[in-house]
Amino acid sequence: MSFNATLDETAIDRLTKEGKYDYAGELKKYDDWSTVPNFISKLVCSNPVEPNIAFERIVDAPMDFLLSKFVTNEEIASGDAATSKHEFVALGQVLKTQDGVVEVTTGVEWNEEAKSLKRTFRTTEIDSPTSFCINGYGGWIKTTDLGGNKTKWEHGVNQHATLAHPLCCCCCCLYWNKVGGYCLQLRLNDVEKKFAAPTKDEYVSMERE
């Protein structure tokens, strides 16, 4: 069944009462990255709500495999099980990535007919050394199961650059959208390599219901 779930006030209250996470407190605490970008951010992020890293690509790997292997995650809060279409996609789920970034899933959209899954998210906390490069990010990733072990990956994220040192301007900050996009493409390349390994027969495309 298709659905479109959003982390609104009602969902936040319910999940908070269930002891999942202090959503209101954490989202408010780390809100400054998107509302008051520093001067470097203003150069590369003209509008905080529009993606500055956006691309789409056909990935030679099944959708489940791609979502599992794209980045290593540690689950902090499980979110709403009723909206879980993958172990790392559920409304209100809180994940800490291998880069030391805490992400909150703020929306999940599943299209049963198209076999597409869209996850909307934003950061609440970033550890060093990643924090030397960015203040935070928010956006969405949409994956569509094309069958034949192929997945369409659509990516739209707005990242806000920071400075490594107040007296030092890093070229990576000024061109962070290009640097970030390049790094994401490398990770997708790595997923394809992993799936092409001899163990790929252990994985299959997301089951069509």
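How many aromatic pairs does the count come to? The count comes to four aromatic pairs in this structure, which is a predicted model.

**Aromatic pairs**

- Phe65 and Phe195 form an edge-to-face pair, with 5.3 Å from centre to centre and 65° between the planes.
- Because Phe65 belongs to helix α5 (residues 63-69) and Phe195 to helix α7 (residues 176-196), this pair ties together parts that are 130 residues apart in sequence.
- Both partners are covered: Phe65 is buried, with a relative accessible area of 5%, and Phe195 counts as buried at 6% relative accessibility.
- Phe70 and Trp153 form a tilted pair, in which the centres are 4.6 Å apart and the planes make an angle of 45°.
- This second pair also links distant parts of the chain, since Phe70 lies in the loop between α5 and β3 (73-77) and Trp153 in strand β8 (residues 150-161), 83 residues apart.
- Phe70 counts as buried at 12% relative accessibility, and Trp153 counts as buried at 2%.

**Charges over rings**

- Lys85 lies over the face of Trp110, at a distance of 4.6 Å from the ring centre.
- In another arrangement of this kind, the charged end of Lys118 sits over the ring of Trp140, 4.8 Å from its centre.

**The largest pocket**

- Two or more lining residues come from each of β4 (94-97), β5 (101-111), β6 (116-126), β7 (134-147), β8 and α7.
- Helix α7 gives the most to this lining, with five residues.
- Sorted by class, the lining of the largest pocket contains 19 nonpolar, seven polar and four charged residues.

**Strand β8 and its partners**

- Strand β8 is mostly covered, with ten of its twelve residues buried.
- Strand β2 (residues 53-59) runs antiparallel to β8 and is joined to it by seven bridges; within this pairing, Arg57 has Trp153 as its bridge partner in β8.
- Strand β7 also runs antiparallel to β8, and twelve bridges join the two; Gly139 stands opposite Val157 in β8.
- β7 and β8 form a hairpin with two residues between them, and Gly148 in the turn has a positive phi of about 60°.

**Backbone features in the loops**

- Most residues other than glycine have a negative phi, and most peptide bonds are trans.
- Asn149, found in the loop between β7 and β8, is a residue other than glycine with a positive phi, near 60°, and it counts as partly exposed at 30% relative accessibility.
- Lys115, found in the loop between β5 and β6, likewise has a positive phi, near 55°, but Lys115 is buried, with a relative accessible area of 5%.
- A cis peptide bond with an omega of about 10° joins Ser128 and Pro129, and Pro129 lies in the loop between β6 and β7.

Definitions and conventions:
Residues are numbered from 1 along each chain as its sequence is written. This is a predicted model: local features need pLDDT of at least 70, side-chain atom pairs count only at pLDDT 80 or more; totals for chains, interfaces and linings use all residues. Side-chain values use heavy atoms; hydrogens and water are left out. Rings of Phe, Tyr and Trp (its six-membered ring) pair if their centres lie within 6.5 Å; planes under 30 degrees apart count as stacked, over 60 as edge-to-face and the rest as tilted. Helices (H or I, at least four residues) and strands (E, at least two) are DSSP runs, numbered from the N terminus. Buried means under 20% relative accessible area, exposed over 50%, partly exposed in between (1.4 Å probe, protein chains only). A charge sits over a ring if NZ of Lys or CZ of Arg is within 6 Å of the ring centre and within 35 degrees of the ring normal. Ala, Val, Leu, Ile, Met, Phe, Trp, Tyr, Cys and Pro count as nonpolar, Asp, Glu, Lys and Arg as charged, and the others, Gly among them, as polar. Two strands pair if DSSP finds at least two bridges between them.
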